[in-house]
Amino acid sequence: MKAFSQLLDRLTYTPARNAKLMLMRNYFLATPDPDRGYALAALTDGLPIEVPLRRVLAEIGGSRFDPALFRMSRDDVGDTAETVALIWPVTQAQGDAPRLPEIVAAVARAGRGGHAALLTQWLDRLDATGRWALLKFLSGAPRVGVSARLAKQAVADAFGHSIGDIEELWHGITPPYTELFAWLEGKALRPPPAATPVFRPMMLAHALEEPDWQAMNPGDFAAEWKWDGIRIQVAARGGATRLFSRTGDDIGQAFPELVDHFRFDAVLDGELLVVRNGGAASFQDLQQRLNRKTVTRAMLTRYPAHVRFYDALEIGAEDLRGLPFTARRERLEAWRRQVDPAHSDLSELLTFAGKEELKARWEAARGEGIEGLMLKRRTSPYLAGRPKGHWYKWKRAALTADCVLLYAQKGSGKRSSFYSDYTFGAWTRKDGQPVLVPVGKAYSGFTDEELARLDRFVRQNTIDRFGPVRSVMPKLVLEIAFDAIQPSTRHKSGIAMRFPRVSRIRWDKPAKEADTLETLKGLITSVS
Amino acid sequence: MAVPPFESWLRPGPSGLYCAPGDFFIDPAGPAPRAIITHGHSDHARPGHAAVLATADTLAIMRLRLGELGQTQALAYGEPLTVKDVTVTLVPAGHILGSAQIVIDYQGQRAVISGDYKRHADPTCDPFEPVPCHLFVTEATFGLPVYRHEPDTAEVRKLLASLRDFPERTHQIGVYGLGKCQRLIRLIRQAGYDRPIWLHGALRSMTDYYVSRGFDLGAVPDATDAPDRLAGEIVLSPPSALGDRWSRRFADPLPGFASGWMRIRGRVRQRGVELPLIISDHCDWPELIRTVTETGAAEVWVTHGREEALVHELGKRQIVARALRLVGREDDAE
């Protein structure tokens with residue numbers, strides 16, 4: 001528990017990815033089984049225990065501390081579990097700090113009524129950091145700034161394997177993952193492939209840069225529309241169906257209509273969309289369906305989910321990943337003629353005669369409300385990760401608007417001394433007077449030299465401060481690039497920009513010549 | 001003989017505590033004709049008084065920070081001094097070099113105004129001495145049971161361990177310039193670290209004063225004179241210089257902060273601190289309760305901090321406590 005609590009403690013204060021990886025690597029190498037496996041389960045949100053923490057803490061709190069002092073402390077600390085950890089009185093500890101396997105086993109054995117006694121006894125035996133880590137551990141999702149994928153990456157790095165090796169096994173193994181660690185340490189054979197559907201690492205695309213385009217022979221590539229949904233892998237085998245996000249998280253629970261209809265034996269790659277009357281709805285509509293534990297009937301009707309398939313990794317027992325793209329595509333089409341599940345279709349292959357025609361189709365994308373094109377090398381096998389030279393995403397040209405810098409805030413990590421997060425506005429009229437209303441926030445798009453100059457500008461033109469936020473003299477125009485504008489009820493301006501970034505800094509342009517809110521509203525994408 | 005209530009001769013007001021039979025203020029918030037100063041921190045030692053009484057160290061610190069002081073009188077610890085109708089004695093408060101509790105005896109009643117104080121051992125000042133009294137005036141900066149400071153040696157070990165883990169990064173630690181800075185340097189030296197500890201210019205004059213008073217702080221050069229980007233070295237600066245332009249000269253600076261506030265994760269995150277060091281020059285909660293109890297005071301006044309919780313806790317222990325809410329005290333400067 002001590003090593004685990006130190007790990008969690010340091011992870012919360014460490015923003016840099018590499019430093020987090022180092023901390024986790026050291027932990028997995030130095031900690032014995034099965035403790036490290038339970039730690040891995042906690043970091044990947046896969047811990048097989050459930051404790052109603054809030055209720056249990058309320059139950060035991062009164063016996064150990066004054067409720068009035070607890071309330072005042074809670075107001076100061078801002079977090080209930082942390083307050084309990086800090087306020088817990090020092091006692092003559094009975095016995096050593098509990099180990100993670102001991103905690104998991106005892107929680108599983110204890111019924112609902114037994115949790116309070118267990119927790120009290122453990123809290124008595126731990127120091128403040130240990131108590132905090134215990135409560136984090138029992139909460140099921142410690143939230144210490146580590147994604148499930150980063151934790152798996154650390155395990156892979158620690159033992160000199162690739163994360164792909166671990167992803168392939170992941171859904172076939174369970175905490176405390178002793179067979180995984182035994183294999184990683186070379187003490188046992190690789191765990192057998194799971195009988196249940198497992199996640200296959202996905203093949204990802206690079207953004208198309210000008211040199212790529214120049215060097216491209218169009219005959220070598222197939223083209224598809226770039227759909228504005230989320231990437232999904234449908235893995236169905238032996239009557240079980242899983243929907244995996246690109247990071248390998250199973251999101252099937254939120255999409256029961258898909259899981260119910262996808263009864264086949266294949267692993268397919270595609271885009272998850274909300275589709276009405278054959279047309280893809282906006283990303284905002286899809287967001288209504290994401291990250292939900294339960295789905296109402298009304299949501300199924302209002303936001304019908306759909307998968308547009310574009311690749312096949314396995315069909316039946318056959319692994320197709322070594323085949324070229326065109327061969328896999330033929331197999332996908334043949335499969336579809338046979339199976340054709342509801343709530344799905346195929347992503348159309350676009351025909352084009354040459355480079356010019358391809359470019360014309362790309363230019364037409366915005367008019368059709370489409371994000372851009374995908375270009376896939378016809379001979380490429382299905383490769384895990386983001387290999388160079390195989391798949392390209394060619395996003396439609398960005399829209400731009402001239403906006404005025406209004407507020408700035410410091411960044412984090414290497415940017416912690418720079419004002420690098422900018423809120424910008426557009427002109428509108430209020431009571432007949434021109435005023436600036438905030439329309440978005442941008443953090444990127446400038447070089448280090450430009451950042452240094454922007455930082456100086458913010459410091460020299462600050463007119464007010466609200467905590468970490470500086471309000472600046474509204475006189476600097478930023479040309480903002482963005483992918484789309486959508487109506488929004490959450491923002492005062494009534495609009496929301498997708499992927500705004502700074503494309504140019506208009507040191508030359510007077511603020512009064514910046515764009516108006518009405519102009520921006522005119523760019524709202526009409527979607528079905 | 002009836003005992004006069006404390007309020008009749010020791011009056012809390014907007015400019016601080018005023019002792020009527022002695023005709024002086026204690027740590028007044030604005031210029032006063034006669035002031036007794038508990039210690040040199042700027043929220044207690046303000047400029048512009050006509051006459052100042054304090055320990056010799058506090059007076060020296062005030063001169064360094066404020067310039068000339070007008071009429072001054074130094075009083076050593078433990079030497080009673082008659083001031084009009086009262087007797088004043090200064091007793092070590094354990095907060096910083098020169099810090100004193102003000103003990104006032106008047107008509108058989110004793111009041112102790114403790115200023116800021118702590119009970120943790122500190123190699124850079126005399127330890128706090130509890131004085132039995134009838135009225136004890138206390139601060140409550142960390143007046144909540146969630147504040148329990150760790151042993152400072154363990155916190156310094158955390159710093160040295162981080163230097164080993166991240167030898168490519170400058171460890172820039174935010175410290176309050178008077179007291180915390182010099183204490184931390186001594187603690188680091190006691191842990192066996194003998195490399196130079198680099199200083200921000202704002203920490204120079206107080207650190208030099210401690211050295212002149214005989215504290216061995218080792219090599220403490222100016223960070224701006226460093227030959228390189230100080231990867232793997234310790235740099236001390238005021239907290240305000242963490243993540244600011246000044247820090248850009250260093251190698252991927254790892255921001256630390258030595259303060260009792262580092263107990264609370266939200267405060268650590270809010271300041272963007274990666275290495276929190278829970279080292280405080282104030283009492284934690286158990287020390288506050290213990291100190292008040294040890295003085296045997298039947299009445300307690302709480303000057304500033306989280307007074308509500310302390311008043312509540314003392315009430316449970318049959319001690320009459322009231323919150324003064326003195327203005328001008330900056331507990332965030334800890």
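## Contacts and overall build

Two residues are in contact if their C-beta atoms, placed from the backbone, lie within 7 Å. On that basis, residues 24 or more positions apart account for 69% of the contacts in chain A with a separation of 6 or more. For chain B the corresponding share is 58%. The model is predicted.

Chain A holds 20 helices and 20 strands. Its 528 residues include 36% that count as buried. Along the principal axes, the C-alpha atoms of chain A fill a box of roughly 75 × 65 × 45 Å.

## Chain B

Chain B has seven helices and 18 strands. Of its 334 residues, 52% are buried. The C-alpha box, again along the principal axes, is roughly 70 × 45 × 30 Å.

The radius of gyration of chain B is 20 Å. A compact globule of 334 residues would have a value near 20 Å, so chain B agrees with that expectation.

## Domains of chain A

Chain A is divided into three stretches: domain 1 (2-138), domain 2 (206-395) and domain 3 (399-521). Taken over C-alpha atoms, the centres of domain 2 and domain 3 of chain A are separated by 35 Å.

A:Gln433 lies in strand S14 (residues 433-442) of chain A. It counts as exposed because it has 7 C-beta neighbours inside 10 Å, and the cut-off for exposed is 12 or fewer. A:Gln433 and A:Phe457 are 24 residues apart in sequence. In space, C-alpha to C-alpha, A:Gln433 and A:Phe457 are 27 Å apart.

## Helix H5 of chain A

Helix H5 of chain A spans residues 67-77. Its buried residues are A:Leu69, A:Phe70, A:Met72, A:Ser73 and A:Val77. They cover an arc of only 165 degrees around the axis, so they sit on the same side of H5(A). The face turned away from that buried side carries exposed residues: A:Pro67, A:Arg71 and A:Asp75.

Just after H5(A), A:Gly78 takes a positive phi of about 90 degrees.

## The interface

Across the interface, 22 residues of chain B are in contact with 20 residues of chain A. On the chain B side, the elements giving two or more residues are H5, strand S16 (275-277) and H7 of chain B. H7(B) provides the largest share, four residues. By type, the chain B side divides into eight nonpolar, five polar and nine charged residues.

## Nonpolar cores

The largest nonpolar core has 152 residues. Those with the most contacts inside it are B:Ile36, B:Ile102, B:Leu184, B:Leu236 and B:Leu277. The largest share of this core, seven residues, comes from helix H9 (residues 128-138) of chain A.

What does B:Ile102 touch, leaving aside its neighbours within four places in sequence? B:Ile102 is in contact with B:Ile26, B:Ile36, B:Thr38, B:Val88, B:Leu90 and B:Ile113.

Technical notes: Residues numbered from 1 in each chain as written. Chains lettered and ligands numbered in written order. Predicted model: local features only at pLDDT ≥ 70, side-chain atom pairs only at ≥ 80, totals over all residues. Buried ≥ 20, exposed ≤ 12 C-beta atoms within 10 Å, placed from the backbone. Arc of directions from axis to C-beta. Nonpolar A, V, L, I, M, F, W, Y, C, P; charged D, E, K, R; others polar. Domains from an automatic or database assignment. Core = buried A, V, L, I, M, F, W, Y, C linked by C-beta atoms within 7 Å. Rg over C-alpha atoms; globule rule 2.2 N^0.38 Å.
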